[in-house]
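User: I am new to protein models. Please show me how to read one, a feature at a time.

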Amino acid sequence: ESSSSSTSSGGSSSGLSLEEPTSEKVIVPWDLTPIKDLEGCSAPFLRKLQAQLRPRIYMPGQCVFQQGEDMEELYILQRGQCKVSIFGAQIDPVDGPCLIGGSMTFVTPKTVTTVVAKETSFVAAVPKRQASAVLDAFPPDRRTLLSKSNEGFKQLCDSFHQQFEGGQEGRENSLSALPFLSGSSDGFLSLLASLLAPHLLLPGQVVLDGTDLRSDDEVKLYILFGGYCHKILDGVLVGTISRNMVFGELEVFGIDESRGLKMQVKTVEVCEVATVSRQQLFEALERFPQERWRFEQLVHNRLEGCVQQQVLGLSLFAGLSSQMLSQVCVLLERRLCSQDTQVVTEGEPGDTMFVVNRGKVALTHQRLKVGMLWAGKCFGAAQMFGIQRQYHASLHTKSTCHLLVLSRKALHTLAFSGSKQLCMASLRQRVQATLDSELRLFERIRWENRRRELKIALEEACASHQASPFAVSPTVSASRSTTPRRTPTARTDREAFLRCIIAAWRKDFSRRVANRPVTPPVVDLQDLGQPFRFSRGLRRVLLEGSAEGFDSPDLWRHWKQHGRLDCWTTVRPSGWLSAVRAEIPTQIFALKSEARGGDTPLPWAAFGR
């Protein structure tokens, strides 16, 4: 119309003309019979499923669905071609007509692959809820589709293994992308990549079951390269494990995370998991010891949530403000100790306190086990506060332990204001009372153990001499008027029994002497080289090792002096001090005689007459 009007009005044409658009009719097949994944299904089932289809069109490059999304619909590619990838790896494309994802889409709650249209594609979608209702109405067809789902998963696993095991370089790149292995040596990454065992797991599959770990081969370290999992503790969801994360490190190092509860890790979608056994991992760490701290840091990070809980539960820090408790948590040093490790030796000097976060530690005093420390218990507070320099007991780990260490230097960083210094003073008094209580308890346990050992020794002595030590000789008359007398045989048995008792006492005494701490050597007062301040005539005087030339103006007050100059048991008195002590009685009697007014002889002079 516009072309004819322009010719009639203006004469000549401008050269513009509207051409009739050409259209090509596309026939989209709606019949589900040609679809290979639905072969073997009954015609009524296919017709009822076909009635639920909803048509869609996807342009080239448009994503149909991505891996990990909720599988809310089933997609049937009626016409066109789509690209398929799993964990970034391209697999064979799909051409219509087909069921995208195969028969596995009937049973998986998450999408397994990523599908992108390669050309203009016609897709029919059916809600999964409606498809499940159709399957419930046709049980034989449901069994047929489930069997085909198993075959489809087997093919997917074979494709994954070919892709994962295709090259060593690809596995090393995957390991280097993990955050905790960033900066590791190429040799360690190459060795660890050769030890990995790949697994492709369906949604809802149990990856780790903490109740089934019995041997070193069953304890493994799990690395999640794709997908995500749920961590379930006694039926309660407690955490989520996402891509490029590691789990199972506590079990590898021998720390029980479940603490009696049922712990499981289940997949939520199709997951790409690689495992390495405990034995293989430790052998690799023996070859590369500089990489061990990376795996220990995984343990520290996993148990970090329990640190503040353990600090709050300590009676030592009761009453402190939340700010100070937070600072204490920051100052704590995390330490991982394997089984049968000597943490502290009795008698050695130290200035650190140990708090048990996980595991059990045996407490021994003078080679005698006096207790056990478990999660939430501490030791060494007296040494940290400087009340006692040497440790009064030894610590020996009975299992793999995660310890929190607080040093005296770190503690002093807290007490920089007046209010905090008052808190530290109260803490010091509390630690002193705790130390006294522990020492009394250790002494009581030691005496009870000594009494028990002596009782056992006496029972052994009695067993070795079955004859009674006070047995009466059978040759002695049994008359009532006659007092029974002990025979030489009975006397010999009694002497042997007493010798056994004396031997038991000597054995116990020798053991106590061997365990007795060594007394410090006696030092001479003159060897110290430092002046001591003594009381003489109620005046404080410095004696440089000799009293020669010093005269007190108060001669009559010498007898009022109190105390001894050698109050230290480990200091041997000097020669001049012994001479002064011998001269004191003579001076006292001489002064008393002079006071009486005369040459009264000394008391011991009468004995000589």
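**Reading the model**

Analyst: Let us start with one residue. Gln130 lies in helix H3. Keep in mind that this is a predicted model.

User: Is Gln130 buried, partly exposed or exposed, and why?

Analyst: Go by relative accessibility. Buried means under 20%, and exposed means over 50%. Gln130 has 23% relative accessibility, so it counts as partly exposed.

User: Which residues does Gln130 touch, leaving out those up to four places away in sequence?

Analyst: Gln130 touches Gln52 and Arg54. Now compare sequence with space. Gln130 and Leu74 are 56 residues apart in sequence, and their C-alpha atoms are 10.0 Å apart.

User: What does helix H3 lie across?

Analyst: Helix H3 spans residues 128-137 and lies across E1, E3 and E8. Its angle to E8 is about 65 degrees.

User: How do I read the sheet with those strands? In what order do its strands come?

Analyst: Go from strand to strand and note each pairing. The order is E1-E8-E3-E6, in an open sheet of 4 strands with antiparallel pairing. The edge strands are E1 (54-58) and E6 (98-99), and each pairs on one side only.

User: How many bridges join E3 and E8?

Analyst: Strand E3 (residues 73-79) pairs with strand E8 (residues 121-127) over 6 bridges, in the antiparallel sense. Take Tyr75 as a case: its bridge partner in E8 is Ala125.

User: Now two helices. At what angle do H6 and H8 pack?

Analyst: Read the angle and the distance together. Helix H6 (residues 186-195) packs on helix H8 (residues 278-287) at about 165 degrees, and their axes are 11 Å apart. Angles over 145 degrees count as roughly antiparallel, so H6 is roughly antiparallel to H8. The crossing of H6 past H8 is right-handed.

User: Which residues make that contact?

Analyst: H6 brings Phe188, Leu191, Leu192 and Leu195. H8 brings Gln280, Leu281, Ala284, Leu285 and Arg287.

User: Which residues of H11 are buried?

Analyst: In H11 (residues 322-331), Met324, Leu325, Val328 and Cys329 are buried. Look down the axis of H11: the buried residues fall within an arc of 145 degrees, so they line one face of the helix. Gln323 and Val330, on the other side of H11, are exposed.

User: And the whole protein? How many helices and strands are there?

Analyst: The protein has 17 helices and 28 strands. Of its 609 residues, 37% are buried. Look at contacts between residues at least 6 apart in sequence: 74% of them join residues at least 24 apart.

Notes: Residues numbered from 1 in each chain as written. Predicted model: local features only at pLDDT ≥ 70, side-chain atom pairs only at ≥ 80, totals over all residues. Heavy atoms only, no water. Buried < 20%, exposed > 50% of the residue type's maximum accessible area, 1.4 Å probe, protein only. Arc of directions from axis to C-beta. Pairing = 2+ DSSP bridges. Contact = heavy atoms within 4.5 Å. Axes fitted to C-alpha atoms, helices over the stretch in contact; angles between N-to-C directions. Parallel < 35°, antiparallel > 145°, perpendicular 65-115°, else oblique. Left-handed = near helix turned anticlockwise from the far one by under 90°.
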